[in-house]
Amino acid sequence: DVLAAVAADQQRQRHVLEHRALGQQARVLEDHADLAAERRHVAALDLGQVLAADQHLAAGGAGQQRGQAQQRALAGAGRAGEESHLALAEGEAPCSAFEILSHLRDGVEALSQQAAVGDGGARPAPDVVASVIADLAEQLRTGRSRGRPCGLRCIDKRMSGLLPGELVVLAGRPGMGKTGLARAIAHGFAVRNPDMQAAFFGLEMGPEEMSYRALSAITRDLGHGVEYRQMIEGPLHPDDMAMVDRAQAHVPVNLILVDSPGLGLDDLRRRVWGLKRKGPVGLIVIDYLQLMRKPNIRGLNEASLIGEITRGLKQLARQAECTVLLLSQLSRKVEERADKRPQLEDLRDSGHIEQDADFVLMAFREAYYRERGRPADASADYDLRTALVDRRMEVITLKARRAAVGSDLQTYHAEYDHIAD
């Protein structure tokens, strides 16, 4: 009897240990749609890649059906695992906890293999080279660069246009005109690439205020500028109103203004894929990084959370085959120096931003600091210098993966939010 009791106790202890191992190593996703596999032994199976592949395939009809089928399979595996877990807890499981874990592991691995699209993007090197040669030949024939133009020197000349898959960071202190520059880039891109959508996600400025500025810039191009502040304050002179009506016809239909306060990375992904269902997306503008909702990840500091966003934006640019133009603030360290020209280290949380960006541009206006730092006994030479740089915007390229760093001058009329070469 004693030996039998000891054997029974050992059997109970083994079941308890198996039950604890199951609880530690296999979890069912909270929404029953995904499977967070065995955290220690199945963590190597990257479910994130499976779901990312599903999202990428969702752009096409067949891919969408396949992605939905795989998600249903994951949900089914999760429910099966949960049922087995409950059955084990109640002493009714037909197999041991470790057999259940093995079954879950095999199921997830099979789904990961099924999610592979063709050869996973692998191409023989000669095929890639042939594609590059064909692209170069097309550039020679048309006389146009591979990048998509926007009409501004700092983009078209310095960067040879905007390329899909790139993350471009545009930074500056308040008052430098970075939002105006981003708006001009988006507007010029939409005009010169009518077959592609350009979406402007404004976290700080709504579509109505953006439209005032766009109309004002267009009226100046048409030869009779109407200041955007006059439009906001109203009422306009009849001649000005006629010019604004005329400017309306020059607003590109493929420029999409999105009011998006509190935008998060997941929200942005969903909206971009929604736009792609309507047609090609060539440019995404986000104004600006520090206003984006941070990912809910415990244990990460502010800089690391910013890094999660920039890394996700770079991935989105490649998956959606578009350029992402990301605006960013600069730290106050700029104001403490005699030379106010920005530097890479002035980027807030600069390490992650600099690492993920293909280009880093800085907007700088000397006139802004000269006007605010004018001495009470300023000389005529001081005022003359201020007048000379009043309309000058310097766009400084501090990082460029496929171009030379340097500086480009643009003309900036702040009252019209108008930027040109």
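E321 sits in the loop that joins α12 to β5, the strand covering residues 323–329. In this predicted model, the phi of E321 is near 55 degrees, a positive value in a residue that is not glycine. E321 counts as exposed because its relative accessibility is 53%, and the cut-off for exposed is over 50%.

A second residue with a positive phi is S160, which is not a glycine either; its phi is about 55 degrees. S160 belongs to the loop between α6 (153–156) and β1 (167–172). How exposed is S160? With a relative accessibility of 33%, S160 counts as partly exposed, since that class lies between under 20% for buried and over 50% for exposed.

Most residues other than glycine have a negative phi, and most peptide bonds are trans.

| Peptide bond | Form | Omega |
|---|---|---|
| G234 to P235 | cis | near -10 degrees |
| D287 to Y288 | cis | near 5 degrees |

Y288 is found in the loop that runs between β4 (281–287) and α12 (302–320).

Key: Residues numbered from 1 in each chain as written. Predicted model: local features only at pLDDT ≥ 70, side-chain atom pairs only at ≥ 80, totals over all residues. Heavy atoms only, no water. Helix = DSSP H or I, 4+ residues; strand = E, 2+ residues; numbered from the N terminus. Buried < 20%, exposed > 50% of the residue type's maximum accessible area, 1.4 Å probe, protein only.
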